[in-house]
Amino acid sequence: MNRNKTILTGGTLLYIVLGVILLLTGGLTLIPAGYAIIVALAAVGVINIVSYLARPVEENMDSDGFVAGMTSIIISIILLFHISVLEVIIPFLLALLITLNGVRELQNAIDMGRLKSKRSWIVVVVAPV
């Protein structure tokens with residue numbers, strides 16, 4: 001169990017540090033990653049639309065699968081023609097996601113403390129750093 005706590009502590013610290021570094025160094029060239037994001041966004045859109053159309057109408061009454069799918073496809077088409085926007089946004093989004101993951105780890109550490117786990121205070125102290 002000690003190994004898991006060490007991994008949790010190290011992972012928390014790593015995520016938070018990486019998030020802060022990415023927030024501070026946002027000028028990276030990420031055109032290939034941008035195209036990967038565009039393709040993934042378009043694929044998610046197609047999957048949402050197909051899923052919406054494949055289900056019976058009764059199951060789709062309160063669903064926004066078609067709208068979400070079309071929105072994803074439209075955004076991916078717009079981003080395809082304005083790829084430079086992603087160069088600015090990608091580092092920020094990655095930094096935000098990594099930082100939020102650090103916050104999630106902080107919540108895990110707090111939960112460990114509430115469960116009276118030994119040395120959970122280490123994770124609580126390291127997670128917000």
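This is a predicted model: local features need pLDDT of at least 70, side-chain atom pairs count only at pLDDT 80 or more; totals for chains, interfaces and linings use all residues.
Helix H3 has 17 residues, and from its first C-alpha to its last it reaches 25 Å. That is close to the 24 Å expected at 1.5 Å a residue.

Which residues of H3 are buried? They are Gly65, Gly69, Ser72, Ile73, Ser76 and Leu79. These residues cover an arc of only 130 degrees around the axis, which puts them on the same side of H3. An α-helix has 3.6 residues a turn, so residues three or four places apart point the same way. On the other side of H3, Val67 and Phe81 are exposed.

Let me now take some residues of this helix in turn, beginning with the serines.

Serine 72 has a relative accessibility of 11% and therefore counts as buried, the cut-off being under 20%. Leaving out residues up to four places away in sequence, serine 72 touches Leu41, Val44 and Gly45. Serine 76, also in helix H3, is buried with a relative accessible area of 3%. With neighbours within four places in sequence set aside, serine 76 is in contact with Ile38, Leu41 and Ala42.

Isoleucine 77 is likewise found in helix H3. Is isoleucine 77 buried or partly exposed? Its relative accessible area is 45%, so isoleucine 77 is partly exposed. From C-alpha to C-alpha, isoleucine 77 and leucine 41 are 9.5 Å apart in space, although 36 residues separate them in sequence.

Leucine 79 leads us to the nonpolar core. Not counting residues up to four places away in sequence, leucine 79 touches Ile38, Leu41, Val85 and Leu86. Which residues make up the largest nonpolar core? There are five in all: Ile38, Leu79, Ile83, Leu86 and Ile90. Helix H4, residues 83-114, gives the most to this core, with three residues. As a general remark, nonpolar side chains tend to be buried together in soluble globular proteins.

I turn next to the aromatic rings. A pair of aromatic rings is described by the distance of the centres and the angle of the planes. How many aromatic pairs does the structure hold? The structure holds one. Tyrosine 52 and phenylalanine 66 form this pair, with 5.8 Å from centre to centre and 45 degrees between the planes, and the pair is tilted. Tyrosine 52 lies in helix H2, residues 31-54, and phenylalanine 66 in helix H3, so the pair ties together parts that are 14 residues apart in sequence. Tyrosine 52, at 25% relative accessibility, counts as partly exposed. Phenylalanine 66 is partly exposed as well, with a relative accessible area of 37%.

Finally, let us consider the protein as a whole. The protein has five helices and zero strands, and from the N terminus on its elements run α-α-α-α-α. Of the 129 residues in the protein, 27% are buried. The protein exposes about 8800 Å², of which carbon and sulfur atoms supply 73%. Among contacts with a separation of 6 or more, 74% are between residues 24 or more positions apart.

To return to helix H3: its buried residues, including Ser72, Ser76 and Leu79, lie on the same side of the helix, while Val67 and Phe81 are exposed on the other side. Thank you for your attention.

How values were computed:
Residues are numbered from 1 along each chain as its sequence is written. Side-chain values use heavy atoms; hydrogens and water are left out. Buried means under 20% relative accessible area, exposed over 50%, partly exposed in between (1.4 Å probe, protein chains only). Contact means heavy atoms within 4.5 Å. Helices (H or I, at least four residues) and strands (E, at least two) are DSSP runs, numbered from the N terminus. Accessible areas come from the Shrake-Rupley method with a 1.4 Å probe; for residues, only the protein chains shown count as cover. The expected span of a helix is 1.5 Å times one less than its number of residues. The arc is that of the directions from the helix axis to the C-beta atoms. A nonpolar core is a set of buried Ala, Val, Leu, Ile, Met, Phe, Trp, Tyr and Cys residues joined through side-chain atoms within 4.5 Å. Rings of Phe, Tyr and Trp (its six-membered ring) pair if their centres lie within 6.5 Å; planes under 30 degrees apart count as stacked, over 60 as edge-to-face and the rest as tilted.
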